[in-house]
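Reader: I have a model to get through before class. Can you walk me through some of its helices and strands?

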Amino acid sequence: MKSVYIHIPFCKNICSYCDFSKIYYNEKYINKYLNALEKEIKKRYSNEIVNTIYIGGGTPSSLTLKELEKLFSIIKIFKLNKEIEFTFECNIENTTKEKLSFLYKNGVNRLSFGVQSFNPKILKILNRKHNKEQINKVIKLAKEVGFQNINADLIYGLKDQTIKDLQKDLDEFLNLDINHISTYSLIIEDHTILKNNSYENIDEDTEYNMYKLINKTLSHNNFKQYEISNYAKNNTYSSHNLTYWNNDEYYGFGLGATSYLNNYRIQNTKNINNYINGNYQKSKNYENKKIRMSNELILGLRKIEGIDLCLFKQKYKISLDKVYNINNLLENKKILIKDNHLKINPDYLYISNDILVQFILD
């Protein structure tokens with residue numbers, strides 16, 4: 001079974017931190033883009049059973065009802081698992097009850113909202129256009145329509161943010177009474193508004209204290225951390241994102257989307273005109289066994305449960321400890337082996353990148 005990611009690049013507002021493939025919403029491009037998307041899917045999809053679908057962006061909820069109808073008519077081509085997880089990304093300011101009802105009636109069973117913050121000061125820096133009242137109203141509408149599996153994204157680690165600010169945001173997120181929260185420390189990426197405006201990073205100590213506050217607050221409110229940035233109640237983990245972290249195969253359709261199929265990493269073009277003209281692919285790179293094992297390590301250790309050592313050996317016909325020198329990290333208790341899973345010690349999870357570098361160097 002495969003997972004499918006579909007990228008909708010259109011935005012009515014460009015967030016200051018976003019480096020994803022996106023363009024301003026323009027009606028003249030929508031139909032052309034959806035036509036190209038349909039052609040790409042028909043050309044590349046091989047009729048496998050689809051286990052998860054994730055429609056992201058960009059801003060998928062920027063589409064009108066008519067445009068959503070066309071999008072969903074296109075994706076009827078997929079053969080769906082009866083227990084499919086079907087996620088749709090929404091922005092607060094362009095999500096209506098009509099759109100939510102349409103999504104619910106057409107099989108979407110998980111929503112992911114780009115909330116980011118309730119704080120007007122932070123929202124202004126991030127160039128988000130919603131407010132606290134709108135957030136609460138839209139989440140309430142989603143529940144009234146019938147959605148029970150709801151994620152909200154939270155961004156922290158802005159130099160203008162205090163620990164007190166973050167605590168207030170966490171309290172507001174908890175008041176939403178949702179089952180999944182994704183938390184992201186602000187990264188100032190190239191080619192973003194923040195980067196162009198020379199916005200500075202927060203100091204590392206404050207950022208780490210914020211991370212600890214998030215862990216403490218969410219864990220005390222029945223959220224379980226199952227990946228570095230993700231927390232869920234009642235094991236409502238994102239099956240789609242676990243596809244990435246497990247280094248399993250998936251399709252990526254649309255502008256700038258990435259696929260991982262038959263050991264090839266395929267990157268789509270980020271040029272809207274090239275995509276509309278049918279020149280979908282930018283690059284296709286074969287990943288040999290060494291690269292695949294490295295990716296398995298880098299992605300798998302993002303999960304709190306870590307890497308299943310039996311599955312690793314089954315997949316690559318070699319034990320992980322025969323490939324990587326893990327003795328020093330085990331002795332220093334930076335990594336642990338428990339229930340035949342190799343994982344990063346929770347006390348060192350925040351510096352996981354440093355640990356991964358040691359893996360590669362050793």
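Predicted model: local features only at pLDDT ≥ 70, side-chain atom pairs only at ≥ 80, totals over all residues.

Reader: ok, how do helix 2 and helix 3 cross?

Author: The axes of helix 2 (residues 65–74) and helix 3 (residues 97–105) come within 11 Å and cross at roughly 15°. Helices here are DSSP runs of H or I with at least four residues, and strands are runs of E with at least two, numbered from the N terminus. Axes are lines fitted to C-alpha atoms, for helices over the stretch in contact, and angles run from 0 to 180 degrees between N-to-C directions.

Reader: So which residues make the contact?

Author: Leu65, Leu68, Glu69 and Phe72 of helix 2 touch Glu98, Lys99, Phe102 and Leu103 of helix 3; contact means heavy atoms within 4.5 Å. Five of the contact residues are nonpolar, none polar and three charged. Ala, Val, Leu, Ile, Met, Phe, Trp, Tyr, Cys and Pro count as nonpolar, Asp, Glu, Lys and Arg as charged, and the others, Gly among them, as polar.

Reader: And helix 11 with helix 12, parallel or antiparallel?

Author: Their axes cross at roughly 165° and come within 12 Å, so helix 11 and helix 12 are roughly antiparallel (angles over 145 degrees count as roughly antiparallel, under 35 as roughly parallel, 65 to 115 as roughly perpendicular and the rest as oblique). On the helix 11 side are Lys289, Arg292, Met293 and Glu296, which meet Phe312, Lys315 and Tyr316 in helix 12. That contact has three nonpolar, no polar and four charged residues.

Reader: New topic. Where is Asp321?

Author: Asp321 sits in helix 13 (residues 320–323). Asp321 is partly exposed, with a relative accessible area of 49%; buried means under 20%, exposed over 50%, and partly exposed in between, with a 1.4 Å probe and protein chains only.

Reader: Last one. In what order do the strands of the open sheet run?

Author: Three strands form it in the order 15-17-16, with antiparallel pairing. Strand 15 (307–308) and strand 16 (335–338) are the edge strands, each pairing on one side only. Strands pair if DSSP finds at least two bridges between them; four bridges join strand 16 to strand 17 (residues 341–344). Lys338 stands opposite His341 in strand 17.

Key
Residues numbered from 1 in each chain as written. Heavy atoms only, no water.
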